[in-house]
Amino acid sequence: MSSRRIRVVRPGDLGAGDIETWRELRAESGAPAQPFMEPEFALAVGRVRPHARVAVIGEGAGGTAGFFPFERGRLGHGRAVGLGVSDVQGAVLRPGLPLGAKELLRACSLSTWEFDNLEERQGLFEPDAARSHASYVIDVGHGYEAYEKALRARSPKFLRTTLAKERKLGREAGEVRFVLDERDPAVLRTLMEWKSAQYRRTGRRDRFAKKWIRGLGEFLFHTRAPGCSGLLSVLYADDRPVAAHFGLRSRTVLSCWFPAYDPSFAKFSPGLVLHLRMARAAAGDGVGMLDMGRGAAAYKDALKTGELRVYEGTSARPGAGAALHWLGREPSRRAHNLVRTRPRLAGLAQRGLERAGRLREPKRP
């Protein structure tokens with residue numbers, strides 16, 4: 001008979017011992033030290049999402065064998081904690097733990113659990129994935145110089161052009177400097193304004209229009225933990241911010257999250273300059289990998305050295321709740337992926353989004 005016990009708590013009700021055990025189990029997994037998989041991210045989401053929960057999985061005489069962060073919605077529909085902005089998702093389990101997805105969902109009173117960035121080697125949920133995506137990475141584990149050498153060999157024109165634009169920025173706009181860890185919250189607000197404008201300009205949903213996402217970013221900006229710290233990196237010209245990025249870092253991984261730049265400096269490609277400066281500085285500070293996340297983009301193709309896989313799908317227990325979830329989500333998900341995997345359809349959709357974004361832009365007097 002199994003001696004497993006699963007209790008479900010709010011993230012803020014985790015004790016110091018729970019948090020330390022979470023960190024230890026995560027380190028034992030051998031997976032990249034992704035900040036989104038650390039307890040601090042679940043704690044932060046719990047502050048802005050009232051339905052965030054963590055299943056604490058006990059086994060044996062008082063031992064803790066795992067943690068499963070999630071959000072619970074209506075009819076037992078669950079989702080990854082922070083879904084929509086969490087770039088790496090899954091459970092944190094003792095290696096080899098004999099646990100099934102349906103058993104875990106039942107203990108959490110969930111009929112389904114939806115994910116869109118499930119981490120590789122999440123054996124509990126990976127069989128339920130509907131599709132996989134590339135998450136593009138920059139490997140600086142051998143130092144920035146080794147990365148730049150490989151970049152120069154693979155894309156000499158790209159590197160030469162980007163460095164030339166950086167010099168031109170300095171000549172025309174003033175001295176260029178870079179700060180890896182900017183602590184001024186006013187610059188974070190500037191970045192959010194740039195990003196909101198970019199979302200509207202391209203016809204996409206403005207994430208920072210959601211109070212909980214803005215609050216999550218502001219809270220994580222002040223979070224300083226070994227496995228999960230908010231990191232605001234800024235490129236300045238004549239002490240004026242021209243490009244910035246806010247992400248999360250552990251000791252060895254920088255999860256790239258929200259990059260943006262001042263459109264009035266677009267001709268200098270400040271976003272690319274920022275990413276090269278960020279890779280150099282992060283490598284010098286012990287980071288071995290920058291994870292740029294899923295989703296194709298020209299700048300990712302230019303900068304990447306490789307890719308990880310993340311998965312999208314839904315784990316479900318048989319029943320009415322799972323059926324209702326499938327009917328509500330799967331048809332639109334399939335249509336979206338059909339468009340994304342057909343370059344001509346994707347191009348038409350992108351142009352339509354951009355036209356809609358221009359129509360939504362406020363008229364200038």
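Q: Is Glu-307 buried, exposed or partly exposed in this model?
A: In this predicted model, Glu-307 has 41% relative accessibility, so it counts as partly exposed.

Q: Which residue does Glu-307 meet in a salt bridge?
A: Arg-309; the N to O distance is 3.0 Å. Arg-309 has 26% relative accessibility, so it also counts as partly exposed.

Q: Why would two such side chains pair at all?
A: Side chains of opposite charge can pair when their charged atoms come close.

Q: How many salt bridges are there in the whole structure?
A: A search finds 23. One of them joins Glu-103 and Arg-4, with the closest N and O atoms 2.8 Å apart.

Q: Where do Glu-103 and Arg-4 lie?
A: Glu-103 is in helix α3, residues 101–107, while Arg-4 is in the segment before β1. The pair therefore ties together parts that are 99 residues apart in sequence.

Q: And is Arg-4 buried or exposed?
A: Buried, with a relative accessible area of 16%.

Q: Switching to strands. Which way do β2 and β3 pair?
A: In the antiparallel sense, over eight bridges. Within that pairing, Arg-53 stands opposite Phe-70 in β3.

Q: What is the bridge partner of Phe-70 in β4?
A: Ala-80. Strands β3 and β4 run antiparallel and are joined by three bridges. Their hairpin has four residues between the strands, and Leu-75 there takes a positive phi near 60°.

Q: How many bridges join β3 to β5?
A: Two, and those strands run antiparallel as well. The partner of Phe-67 in β5 is Val-92.

Q: How many of the residues in β3 are buried?
A: Seven of its 10, so the strand is mostly covered.

Q: Last topic, helix α8. What span should it have?
A: At 1.5 Å a residue, its 15 residues should span 21 Å, and the end C-alpha atoms are 21 Å apart, which agrees.

Q: Is α8 enclosed or open?
A: Largely enclosed by the rest of the structure, because 11 of its 15 residues are buried. Among them are Leu-272, His-275 and Met-278.

Q: What comes just after α8?
A: Gly-286, which takes a positive phi of about 100°.

Definitions and conventions. Residues are numbered from 1 along each chain as its sequence is written. This is a predicted model: local features need pLDDT of at least 70, side-chain atom pairs count only at pLDDT 80 or more; totals for chains, interfaces and linings use all residues. Side-chain values use heavy atoms; hydrogens and water are left out. Buried means under 20% relative accessible area, exposed over 50%, partly exposed in between (1.4 Å probe, protein chains only). Two strands pair if DSSP finds at least two bridges between them. The expected span of a helix is 1.5 Å times one less than its number of residues. A salt bridge is a side-chain nitrogen of Lys or Arg within 4 Å of a carboxyl oxygen of Asp or Glu.
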